[in-house]
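Hi,

Here is the structure I said I would send over.

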Amino acid sequence: MENIIELKNIVKTYDMGGAEQVLALQGVSVNIGKNEYVAIMGPSGSGKSTLMNIIGCLDTPTSGQYLFNGINVSEMNDNELAKIRNKEIGFVFQTFNLLARSDSLHNVELPLIYAGVPSAERRRRATETLQHVQLGDRIHHKPNELSGGQRQRVAVARALVTKPSIILADEPTGNLDSKTGEEIMMLFQELHDQGNTIILVTHEPDIAEHAHRTIRLRDGHIESDEPVTKRRTYTAAKAS
Amino acid sequence: MAYFLTELREGLVISIRAIRANKMRSVLTTLGIIIGIVSVTLMATAIEGVNRAFEKSAEAFGTDVLYIQKFPWVSNDDWSTIRNRRMLEVSYAARIERQSMFAAAVAPVVATGRRVTYGDNSMEGGFISGTTSQYLATAGVSLGDGRFFTAEESNGGRPVCVVGATVVENLFPRGDPIGKTIRVSGFPYTIIGTLEKQGGIFGQFTADTRVFVPLNSFQNQFGGRRDVTIQVKVADLKQLDDAKLELEGIMRTIRGLTPGKANDFNINQQEILTQTFAPISLVIASIGLFITGLSLFVGGIGIMNIMFVSVTERTREIGIRKAIGAKRRTILMQFLSEAAVLCLLGGLIGLAIAFPLSLIVDQFLPTAMPLSVVFISIGISLVVGLISGFLPAYRAAKMDPVEALRYE
Ligand SMILES: Nc1ncnc2c1ncn2[C@@H]1O[C@H](COP(=O)(O)OP(=O)(O)O)[C@@H](O)[C@H]1O
Ligand SMILES: [Mg+2]
């Protein structure tokens with residue numbers, strides 16, 4: 001299988017001033033292939049977000065090599081990373097991170113603006129994507145006029161609109177009640193079925209069971225990396 | 001390029017939205033720029049007014065008229081060496097007229113301060129000038145109503161006069177001065193003509209406060225032994241320097257100066273005034289614009305300050321934008337355009353306030369807000385915005401996306 005992500009011995013340390021250092025990642029090596037659905041689990045502070053930020057090109061490793069679609073990302077400069085983030089990566093955050101003063105449409109259009117897509121096409125694609133996440137009737141609502149689940153769906157639409165190679169979600173259900181969390185997971189399930197590659201951070205086993213593979217982190221190390229045996233799917237979830 | 005325009009437009013949209021979201025704060029922030037632009041434009045308008053007033057006054061002397069006089073207008077020489085010069089005499093005028101090739105008109109002028117009355121109306125601080133019919137041709141003033149005196153009236157010493165605009169205003173508040181007989185120190189003179197208003201800043205040199213009478217009459221009534229100015233109009237402005245040399249020669253002969261002796265007279269011209277005024281004007285303008293420019297500078301600091309606040313407040317927004325692909329340049333542009341829009345807004349409001357105020361300045365100085373000032377001040381506010389917005393925008397642009405997203 002073709003690898004989208006190849007991490008080799010990734011180390012991330014934070015200097016806390018003086019000799020003190022936080023070892024957030026201590027040599028992580030992992031490959032993730034096309035159309036995989038991976039859950040990253042682990043206790044708080046184990047380095048899940050740090051790893052996601054590096055995979056998402058928001059952050060660069062202190063040492064180690066990162067190949068994204070075979071391209072060495074660890075040596076890229078700020079602008080090149082911004083371009084990768086814009087075109088290849090769709091990020092979904094725990095706290096939604098929508099622009100508060102902008103409506104759903106503008107929030108979803110934003111990555112297309114930075115991609116230089118002309119406005120008519122931008123509008124069309126953003127509208128389509130919002131319809132795709134069942135928000136066709138909330139296009140002109142601002143985040144504070146939407147429920148938590150709806151906000152997260154706007155965020156998913158924003159992540160999807162550029163048709164990225166990979167979707168990264170850092171605890172996407174962390175701020176949602178279990179029912180709306182379940183709705184978001186159904187959406188991810190559907191996106192995966194349509195061929196998207198998804199990496200998801202969570203510390204809830206229920207949520208992780210939607211994925212096909214679980215990577216467990218502890219103190220910046222990979223503790224385990226195994227396929228999900230008792231997988232929960234959209235239809236199974238419905239049936240149970 | 002298309003990408004740059006999209007970015008610029010997005011930057012403008014975001015800034016206008018941000019400014020509207022903080023209306024009160026934006027207005028208060030731009031206050032510094034508004035005050036700065038108002039003071040700079042008004043200062044520029046006033047300076048323009050002073051310059052125009054000067055030019056107008058200097059025009060009265062005529063660019064092509066040479067003034068042969070006992071003393072120089074502007075001098076660095078020791079006063080003691082020129083104080084005892086002999087007076088110039090009326091008779092020189094005729095000799096100069098005969099001998100000069102370059103002169104188109106020559107008029108001797110003598111003057112003295114006198115009280116002028118008409119009925120119950122009187123004017124203090126007026127001057128009476130005795131001259132010949134050629135005067136008008138040698139002066140930078142034009143006839144209003146009536147006519148100037150003729151050679152016959154001039155030679156015959158007729159009791160006629162031509163009066164300046166201020167004289168008319170003072171003695172004939174209801175107008176219609178032609179044909180009326182005024183009294184100068186009790187001597188009657190009949191007005192045959194008036195002069196157009198000259199204005200200007202050289203108070204006692206202006207023709208406005210003068211009564212012009214035939215030279216012979218002047219000498220009969222007010223005494224003959226007076227210093228004379230001989231005004232020479234040069235036929236061709238291009239030959240002004242030649243004319244000056246020629247007149248110097250004629251004058252030296254008249255005065256009987258042997259070679260090696262210094263001139264005991266001066267040939268003055270308007271250029272002396274403009275040359276003297278230009279550096280003074282420049283200094284006034286520089287100081288004035290510097291002081292008012294300071295307020296604009298303070299306004300710029302205010303913009304910078306509020307932009308820093310804005311960047312900090314929107315740290316998370318910056319993180320979001322970077323996370324979904326905004327480049328450093330894009331963020332830089334966003335905040336730069338916000339600062340520029342704020343300053344432009346301030347500049348335009350400032351102009352809107354300054355313009356009616358400039359109409360008030362207009363009452364005191366012959367000026368109007370120059371169009372160039374309008375464009376320059378718009379340009380200045382834009383530049384102030386870009387400069388004061390740069391540091392905050394740069395800070396925003398180089399934020400680390402992860403750090404920015406973690407900002408509470
Ligand atoms: N910017 C930072 N500065 C210092 N330490 C950090 C920073 N970001 C993360 N860390 C530390 O790195 C470790 C891993 O953090 P993180 O990846 O956020 O964990 P998780 O997402 O698994 O809870 C933690 O000990 C955290 O305190
Ligand atoms: Mg985390």
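Predicted model: local features only at pLDDT ≥ 70, side-chain atom pairs only at ≥ 80, totals over all residues.

**The interface**

Let's start with where the two chains meet. Chain B puts 24 residues into the contact and chain A puts in 25 residues. Together they bury about 2300 Å², and 57% of that comes from carbon and sulfur atoms. On the chain B side, three residues stand out: B:Arg17, B:Ile320 and B:Ile324 account for 24% of the area that chain B buries against chain A, more than any other three residues.

As for polar interactions, seven residue pairs are in polar contact across the interface, counting pairs with both residues at pLDDT 80 or more. Four helices of chain B each bring at least two residues to the side that touches chain A: helix 1 (2-21), helix 11 (315-323), helix 12 (328-364) and helix 14 (401-406). Helix 1 of chain B gives the most, with seven residues. Sorted by class, that side of chain B holds ten nonpolar, three polar and eleven charged residues.

With those charged residues in mind, how many salt bridges are there between chain B and chain A? The count is one. The side chains of B:Arg328 and A:Asp78 form a salt bridge, with 2.7 Å from N to O.

**The largest pocket**

Next, the open space. The largest pocket holds about 850 Å³, and 30 residues line it. Those nearest its centre come from both chains: A:Ser49, A:Thr50, A:Asn53, A:Asp170 and B:Arg406. Strand 2 (21-33) and helix 1 (48-55) of chain A, plus helix 14 of chain B, are the elements that give two or more residues to the lining.

**Cavities**

Searching the whole structure turns up five cavities of 30 Å³ or more, and the largest cavity has a volume of about 90 Å³. Both chains take part in the lining of the largest cavity: among the residues there are A:Arg85, A:Phe91, A:Arg158, B:Ala323 and B:Ile324. B:Ile324 is also one of the three residues named above for the area that chain B buries against chain A.

Which elements of chain A each supply at least two residues of that lining? They are helix 2 (78-88), strand 6 (89-92) and helix 5 (148-160). Strand 6 of chain A gives the most, with three residues. By class, the lining of the largest cavity has six nonpolar, four polar and two charged residues.

**Salt bridges overall**

Over all chains, the count comes to 24 salt bridges. One pair within chain A is A:Arg122 with A:Glu109, whose side chains meet at 3.0 Å, N to O. This pair links distant parts of the chain, as A:Arg122 sits in helix 4 (residues 119-132) and A:Glu109 in helix 3 (residues 104-114), 13 residues apart.

Cheers

How values were computed
Residues numbered from 1 in each chain as written. Chains lettered and ligands numbered in written order. Heavy atoms only, no water. Contact = heavy atoms within 4.5 Å. Buried area = accessible area lost by both parts, 1.4 Å probe. Salt bridge = Lys/Arg side-chain N within 4 Å of Asp/Glu carboxyl O. Polar contact = N/O pair within 3.5 Å; in protein donor to acceptor, adjacent residues only side chain to side chain. Nonpolar A, V, L, I, M, F, W, Y, C, P; charged D, E, K, R; others polar. 1 Å grid on protein atoms, 1.4 Å probe; cavity = no way out; pocket = protein on both sides within 12 Å on 5 of 7 lines; lining within 4 Å. Points joined across faces, edges and corners; volume = space filled by probe spheres on them.
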